[in-house]
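Here is a short report on one protein chain. Look at the sequence and the model first, then read on.

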Amino acid sequence: KAALQEQLEREQQGIKPVRNYGEAFRSRNVILLCMQYFAWSIGVYGFVLWLPSIIRSGGENMGMVEVGWLSSVPYLAATIAMIVVSWASDKMQNRKLFVWPLLLIAAIAFFASWLLGNQSFWLSYALLVVAAACMYAPYGPFFALIPELLPRNVSGVSMGMINSFGALGAFLGAWLVGYLNGVTGGPGVSYTFMAIALLLS
């Protein structure tokens, strides 16, 4: 217990003190992380809720069973990626390196998948799998970064604040993707919207 306490104290030594919640909410780190998680969640939840529709629109004569199986593969890839990336982040003791580059790859893969469209369904689908894996993989390092940037007296409530912005992004992403699909009659504009959100994050 003493060794663990000593380690926790040592981890806090390099962190700039923050007096209260108000100061934490106004800090550059919290504002940036809120904005990042908001934009990231737009892409993730737009993808989550509309993945079967996206797959079905790309594959001709595809039944619900085939769509269901194909919709499960991105999540299998995401599960593996989350474990590997979290392990690598702990091993290298680097969080940022395992967050923004993966979100950048997700944005590029997502947009490239849309550009290919019906020209090459399987290549477009493979890019969707890559996008899903890269969208989910950074969750571990991202939330491990927060207590490394903020002292423990405000890290919990700051994490809650960041999570709240993620929930707002999730709502906006799910709703707006459906709205854009309905207005435009296809997933093209919503694909671009989700890719831009991931690129911003």
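Is the crossing of α4 and α6 left-handed or right-handed? The crossing of α4 and α6 is right-handed. A crossing is called right-handed if the near helix is turned clockwise from the far one by less than a right angle, and left-handed if anticlockwise.

**Source and confidence**

This is a predicted model: local features need pLDDT of at least 70, side-chain atom pairs count only at pLDDT 80 or more, and totals for chains, interfaces and linings use all residues. Residues are numbered from 1 along each chain as its sequence is written, and side-chain values use heavy atoms, with hydrogens and water left out.

pLDDT is the predictor's confidence in each residue, from 0 to 100. The chain averages 86, and 91% of the residues score at least 70.

| Helix | Residues | Mean pLDDT |
|---|---|---|
| α2 (lowest in the chain) | 21-26 | 67 |
| α4 (highest in the chain) | 64-92 | 92 |

Where pLDDT is low, the predicted coordinates should not be read in detail.

**Overall build**

The chain has nine helices and zero strands. Both are DSSP runs, numbered from the N terminus: helices are H or I with at least four residues, strands E with at least two. The C-alpha atoms fill a box of roughly 65 × 35 × 25 Å along the principal axes. Of the 201 residues, 43% count as buried. Buried means under 20% relative accessible area, exposed over 50%, and partly exposed in between (1.4 Å probe, protein chains only).

**The α4 and α6 pair**

Helix α6 covers residues 121-136 and packs on α4 at an angle of about 40 degrees, with the axes 8 Å apart. Axes are lines fitted to C-alpha atoms over the stretch in contact, and angles run from 0 to 180 degrees between N-to-C directions. The two helices are therefore oblique to each other. Angles under 35 degrees count as roughly parallel, over 145 as roughly antiparallel, 65 to 115 as roughly perpendicular and the rest as oblique. The contact (heavy atoms within 4.5 Å) includes Leu 70, Val 73 and Tyr 75 of α4 and Trp 122, Tyr 125 and Val 129 of α6.

Helix α5 runs over residues 100-116. Its buried residues include Leu 102, Leu 103, Ala 106 and Phe 110. Gly 117 follows α5, with a positive phi near 50 degrees.

Asn 29 is found in helix α3 (residues 28-58). Asn 29 counts as partly exposed because its relative accessibility is 28%.

How values were computed. Expected span 1.5 Å × (residues − 1).
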